Amino acid sequence: MDELWSFVDSKGNQQWVWLALDAQTREIVGVHIGDRSAVSAQYLWNSMPPVYRQCAVIYTDHVLCL
């Protein structure tokens, strides 16, 4: 999974693009656009098909989601 950020309308309105990728095919298997919170991480997780959630490996930069 990976994410990037941009802003909408003003720099105070940061939006993060969360992506879940299949490591072999590089296919996007999950996506969420929102803030950088645990709730957004859960939305990304829920957007993935169950077969991917069974064997998902998650990497992070260790930023605490609030």
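How many helices and strands are there in the protein chain? There are 2 helices and 3 strands, and this is a predicted model. The legends below go through it view by view.

**View 1. The protein chain from start to end.** The protein chain has 66 residues, and 18% of them are buried.

**View 2. The largest nonpolar core.** Here you can find 6 residues: Trp 16, Trp 18, Ala 20, Val 29, Leu 44 and Met 48. Strand β2, residues 14–21, gives the largest share of this core, with 3 residues. As background, nonpolar side chains tend to be buried together in soluble globular proteins.

**View 3. Arg 36 and the ring of Trp 16.** Trp 16 belongs to the largest nonpolar core, and Arg 36 lies over the face of this Trp 16. The distance from Arg 36 to the ring centre is 4.5 Å. If you are curious about aromatic pairs, a search of the whole structure finds 0 of them.

**View 4. A nonpolar patch on the surface.** Now look for Leu 21, Ile 28, Val 31 and Ile 33, which form this patch. Together they have about 350 Å² of accessible area. Strand β3, residues 28–34, supplies the largest share of the patch, 3 residues.

**View 5. A closer look at Val 31.** This residue of the nonpolar patch lies in strand β3.

Technical notes:
Residues numbered from 1 in each chain as written. Predicted model: local features only at pLDDT ≥ 70, side-chain atom pairs only at ≥ 80, totals over all residues. Heavy atoms only, no water. Core = buried A, V, L, I, M, F, W, Y, C linked by side-chain atoms within 4.5 Å. Buried < 20%, exposed > 50% of the residue type's maximum accessible area, 1.4 Å probe, protein only. Helix = DSSP H or I, 4+ residues; strand = E, 2+ residues; numbered from the N terminus. Patch = residues over 30% accessible without salt bridge, like charges linked within 9 Å, V, L, I, M, F, W, Y side chains within 5 Å. Areas by Shrake-Rupley, 256 points an atom, 1.4 Å probe, with all protein chains shown as cover. Salt bridge = Lys/Arg side-chain N within 4 Å of Asp/Glu carboxyl O. Phe/Tyr/Trp six-rings, centres within 6.5 Å; stacked < 30°, edge-to-face > 60°. Lys NZ or Arg CZ within 6 Å of the ring centre and 35° of its normal.
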